[in-house]
2 protein chains.
Amino acid sequence: MKSDLDSLMQSKNLDAILVLGNAENNPPMYYLTGGGHISAATLVKKRGGEPALFHQDMERGEAAKTGLKTRSYSEYPWQELLKEAGGDPALMSALRLERIFKEHNISGRVGLYGHTDISATFAMLAHFKGRMPEVEMVGEARDGSLFMYAMETKDEAEVARIRRMGKITTEVVGLTADFLTSRQVRADEVLLNEDETPLTVGDVKERINLWLAERGAVPSEGYIFSIGRDAGLPHSQGNPADRLRLGQTIVFDIYPQEIGGGYFYDFTRTWSLGYATPEAQKLYDQVRHVFDKVMENFTLNAPFKDLNTLTCREFEKMGHQSPLNTPAPVEGYVHSLGHGLGLNVHERPWSGLTAAPDNLLKPGVVVTAEPGLYYPEKGMGVRIEDSVWIKPDGTVEILAEYPYDFILEMKSWRKE
Amino acid sequence: MKSDLDSLMQSKNLDAILVLGNAENNPPMYYLTGGGHISAATLVKKRGGEPALFHQDMERGEAAKTGLKTRSYSEYPWQELLKEAGGDPALMSALRLERIFKEHNISGRVGLYGHTDISATFAMLAHFKGRMPEVEMVGEARDGSLFMYAMETKDEAEVARIRRMGKITTEVVGLTADFLTSRQVRADEVLLNEDETPLTVGDVKERINLWLAERGAVPSEGYIFSIGRDAGLPHSQGNPADRLRLGQTIVFDIYPQEIGGGYFYDFTRTWSLGYATPEAQKLYDQVRHVFDKVMENFTLNAPFKDLNTLTCREFEKMGHQSPLNTPAPVEGYVHSLGHGLGLNVHERPWSGLTAAPDNLLKPGVVVTAEPGLYYPEKGMGVRIEDSVWIKPDGTVEILAEYPYDFILEMKSWRKE
């Protein structure tokens, strides 16, 4: 949580942090500002101190909404700085940062964060380094970084936003199910559009994108609505030209985000329209069994990967391959159980079998649970996924409830 | 153009370039790959050589679509590298980059580009520096960077995509005009929704966002649909709660982007619904006069800022303030004439009065022309903007034609 930042800075031996870039689509800056139309900003925070946000003058209204201490870049007149920099804009940025650091008495180890232009940042820091040798800039690999640790546990306001995205997600999933089951079906079991052309994955995705946009959610690029063989490839997004047919597994994995780079939800259901083949039904029942078992076995403060090991064992007992005893399996259970979820669609805690032991199911984490089985050569795949919050009292809340039906009955088709 | 990259590298004394990050929402990587769901990629190109794209193994299908020479990261097994790195993921990334550079015989000055995580990049480069002293990484401030120069001129395929976004943009502007003029009007000249509540800026923007989404365009955050006093503030996006009224200037400045971080279009019209006040009509006529004059005075290979100076002179002749003789005016003509347009909504060439002399109207540039006049205290503002392409033969093409009507006649309201 944000309230952990100072103690995390201490454990990482950081005297201050420097966050660069826009407030939107930039998780560390979004985390500290709450987003908004604030571009090319600079945020500094000393350990134990409050953050200060430096912004473009014309964005002062948006900056004020953050509730942070703000200062306009106009207090560092660019004409004057550019002259001092001999016309070099990278040096000008370094001079401005130097003034900001000196005014705030920042020295020592300073953690550098943000998602922005690496070329301009590198050029600026190259100049800065020579000017303030008392500052040591520190970068961190993403997964172990200060923000990944802080963001790992959520406060109730963050959970409320994830829950709200979950509500939108499941509404859109419900609309999709209604739309599919209302289609007319041709003799060869292909679903039809109103103009009697075959309904394709692309047609369905277009509607999903609209339904999300209507609700103020961004349809994350690359979400999955795949049928048949593609459903058996966990990373296939689905081929837009594929036709919707009865009796084939459809994997629908959707992770919309709040507009502007806010919180995600992550959700998967697998459907078979009209009827299911016995083989697909068996696969579904097995995944459902393991999903339920996982849901019953969340243990407060246990390593998340223990649940993944449980999942592997259960699937192996059923005769499937899993990463526990097969390196990089291509069929069976081929991924890990889940991941943390927040301003990043994938974040700490991790559940992979090689995840560090400090990836724990602590109070406050929001994680996905998404066991699945994949048989691309048989043209089928099944995954079930909910996102859950480990509450402060240790109980588990599914943040958006939705039925687990596998076979979706068609409104105007019956199996003969 | 992309074909200029080698000569630009030569003029910047760069032996190679290194581009990091996703293919989407990352202009340099998008420029070289054409976008697609390719995440955390590495692209290297020696001067005079072809680019090579290194990608995650599961994204090989997307990587292949780029048409570039591709290699999977799986050829640099992470378990082995991580072991060599003593478990440090930043060092592991540096070791992988070292292998890539050595295999490609890359040394000397290497330009670093991309929009990605600065913390992880900085940590990786800190390790890399000690390992390959024969490589000097070079960052560049954005506006003068290699990619800003290369992107400045567009090939016909790029222009076709900008033109296509222009078509979508003007379609949506037309739908907006039809929607506004079909509204019922209350006795106090406020427009009404179907449920007879007052129509607000927020209501209109919701529809605009949907119409864009239906056409596969992303409504850029912060686009402008503003009325009255807000129309007089060129950077105000419009207050969502403001009511639509007859006889007030509405500035509608919209710059949608292709999904995934592709090409932009940029377009503005100013409207007054039902009727215009004489003062607003005069302001509109003046902006229109200057807009037409600008359109007639595009001179091949002339500095773009000459057109801005012309605009300032014309407005000053009419008695308005402009930056030519008033430092940072707050009313009158308060911005510059336009900017280049492509994968960035603002890019080279620049038209500001202080722009460097190499910002020329060269064949292949796509620029906006957007003169405007602003009087916030009088509650009005006017801007007219089209995006144009300077064709190889030196003629100017407006990339999306749209009428220049100021007063939009209401379908069910007549001035008494």
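Figure 1. A:Asp117 stands opposite B:His115, a residue of strand 6 of chain B. Helices (H or I, at least four residues) and strands (E, at least two) are DSSP runs numbered from the N terminus. This is a predicted model, in which local features need pLDDT of at least 70 and side-chain atom pairs count only at pLDDT 80 or more, while totals for chains, interfaces and linings use all residues. Residues are numbered from 1 along each chain as its sequence is written, and chains are lettered from A and ligands numbered from 1 in the order in which they are written.

**Figure 2. The side of chain B that touches chain A.** The contact takes 34 residues from chain B and 34 residues from chain A; two residues are in contact if their C-beta atoms, placed from the backbone, lie within 7 Å. On chain B, at least two residues each come from helix 5 (89-103), strand 5 (108-113), strand 6 (115-117), helix 6 (118-131) and helix 9 (201-214). Helix 6 of chain B gives the most, with seven residues. By class, this side of chain B has 15 nonpolar, 12 polar and seven charged residues. Ala, Val, Leu, Ile, Met, Phe, Trp, Tyr, Cys and Pro count as nonpolar, Asp, Glu, Lys and Arg as charged, and the others, Gly among them, as polar.

**Figure 3. Chain B laid on chain A.** The same surface serves both copies, as 100% of the contact residues of chain B recur in chain A. The predictor gives the complex an ipTM of 0.90 and a pTM of 0.91.

**Figure 4. Surroundings of A:Val110.** Not counting residues up to four places away in sequence, A:Val110 touches A:Leu14, A:Asp15, A:Ala16, A:Ile17, A:Leu18, A:Val135, A:Glu136, A:Met137 and A:Val138.

**Figure 5. B:Lys293 in helix 10 of chain B.** B:Lys293 is found in helix 10 (residues 278-296) of chain B. The C-alpha atoms of B:Lys293 and B:Thr176, 117 residues apart along the chain, are separated by 28 Å.

Terms used
Pairing = 2+ DSSP bridges.
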